Amino acid sequence: GGFALETTEKVWRAMEAMWDGALPVHTHRLLQLCLVMTGRYAEWAAAWLTYLSKPPSSDPHKDPKDPSPDASGASGRAEEELKFTACLAKDAKELSARVRGGLAETVTKSLGANGVPPPGEPLMTAIGPSSDSLLTLVPSATSHIVTAVCSRCCEPLAAIRAITSQYRMTNKPSPSKPSLYVAAVVAPIKAAASSSGCLALIDPQTRLECLSDTSHRLALRMSELVEELFANVRKLTQTLRRLNK
């Protein structure tokens, strides 16, 4: 696949252009330069991920009583940031594969033109750290996406605490279908996994891992709230029993 970000595309094209018509005697210098460029790209991407992971700061000049339409704007920016993060994850994986594959092949051909046998393991030892530094970006990026989606899912879960009040002393029949809040809980996951969502921008395997991690975190949070609800019901039952004695 291609790159999602123009910056990544330019970095790879620049590395390709360096080898166009290069003399075999310059192979080691060009390889060093390519590895430096890879390292700088990894630093740039890591800096972006660090920035995006920080909670948004409020505007100190904004009147707290001003009902301005910042919510929709902030929501739109948050969605764009998630898509950018997904693009970083996709590109880091793709660039790592090209460094290990395409760059290694180019170096081998250049050395061969100078009568040097294929370097094999030594070349991969030289390229490996740069390639691995790109792959370390992927878990950071996907963790940011999962945390953001999970946060959106967990907001409607607060409705669990109100379930008992909806049925206590009302003579309502037991529910026969999921509560209304359930649809709101899974909506962010569906949106992220849709064709226009942030997860559509990454490869299927990473997408599946993100969905699995999100579902796991969400299930844990729901379990905590349900346990809390049951504990409150037990306390209330014990209190009522003592009062009825």
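Which residues make a nonpolar surface patch of about 280 Å²? In this predicted model, the patch is made by Leu-236, Leu-240 and Leu-243. Leu-236 is placed in helix H8, and its relative accessibility of 33% puts it in the partly exposed class.

The chain as a whole contains eight helices and zero strands. Read in sequence order, the elements give the pattern α-α-α-α-α-α-α-α. The chain has 245 residues, of which 29% count as buried. Its accessible surface comes to about 15,200 Å², and carbon and sulfur atoms account for 59% of that area. When contacts between residues at least 6 apart in sequence are considered, 80% of them join residues at least 24 apart.

In soluble globular proteins, nonpolar side chains tend to be buried together. In the present model, the largest nonpolar core holds 52 residues. Within this core, Leu-95, Leu-103 and Ile-127 touch the most other members. Two or more core residues come from each of helix H1 (6–18), helix H2 (27–53), helix H3 (70–113), helix H4 (121–135), helix H5 (137–154), helix H7 (180–193) and helix H8 (204–244). The largest contribution to the core is that of H3, which gives 12 residues. The surroundings of Leu-103 were examined with its neighbours within four places in sequence left aside. On that basis, Leu-103 is in contact with Trp-12, Trp-19, Leu-31, Cys-34, Leu-35, Arg-98 and Ile-127.

Ser-96 has its place in helix H3. With a relative accessible area of 2%, Ser-96 is buried, because the cut-off for that class is under 20%. Apart from neighbours within four places in sequence, Ser-96 is in contact with Ser-131, Leu-134 and Leu-135.

Helix H7 is bent. The bend is about 35° and falls at Ala-187, with a proline, Pro-188, following within four residues. Pro-188 is one of the buried residues of H7, together with Tyr-181, Val-185, Ile-189 and Ala-192.

The loop between H3 and H4 contains Pro-119. This proline has a relative accessible area of 22% and is partly exposed; the buried class would require a value under 20%. Not counting residues up to four places away in sequence, Pro-119 touches Thr-108 and Leu-111. The C-alpha atoms of Pro-119 and Val-107 are separated by 9.0 Å, the two residues being 12 apart along the chain.

Salt bridges were searched for over the whole structure, and 10 were found. In one of them, the side chains of Lys-10 and Glu-6 meet at 3.3 Å, N to O. Lys-10 and Glu-6 are four residues apart in helix H1, so about one helical turn separates them. An α-helix has 3.6 residues a turn, so residues three or four places apart point the same way. Both partners are exposed, Lys-10 with a relative accessible area of 54% and Glu-6 at 56% relative accessibility.

A further salt bridge joins the side chains of Arg-152 and Glu-79 at 3.0 Å, N to O. Arg-152 lies in helix H5 and Glu-79 in helix H3, so this pair ties together parts that are 73 residues apart in sequence. Arg-152 is partly exposed at 31% relative accessibility, as is Glu-79 with a relative accessible area of 22%.

In helix H8, Arg-221 and Glu-224 are three residues apart, which means a separation of about one helical turn. Their side chains meet in a salt bridge of 3.1 Å, N to O. Relative accessibility is 31% for Arg-221, which counts as partly exposed. Glu-224, at 46% relative accessibility, also counts as partly exposed. Finally, a network of salt bridges links Glu-9, Arg-13 and Glu-16.

Methods: Residues numbered from 1 in each chain as written. Predicted model: local features only at pLDDT ≥ 70, side-chain atom pairs only at ≥ 80, totals over all residues. Heavy atoms only, no water. Buried < 20%, exposed > 50% of the residue type's maximum accessible area, 1.4 Å probe, protein only. Contact = heavy atoms within 4.5 Å. Areas by Shrake-Rupley, 256 points an atom, 1.4 Å probe, with all protein chains shown as cover. Core = buried A, V, L, I, M, F, W, Y, C linked by side-chain atoms within 4.5 Å. Patch = residues over 30% accessible without salt bridge, like charges linked within 9 Å, V, L, I, M, F, W, Y side chains within 5 Å. Salt bridge = Lys/Arg side-chain N within 4 Å of Asp/Glu carboxyl O. Bend = angle between axes of the 7 residues up to and from the residue.
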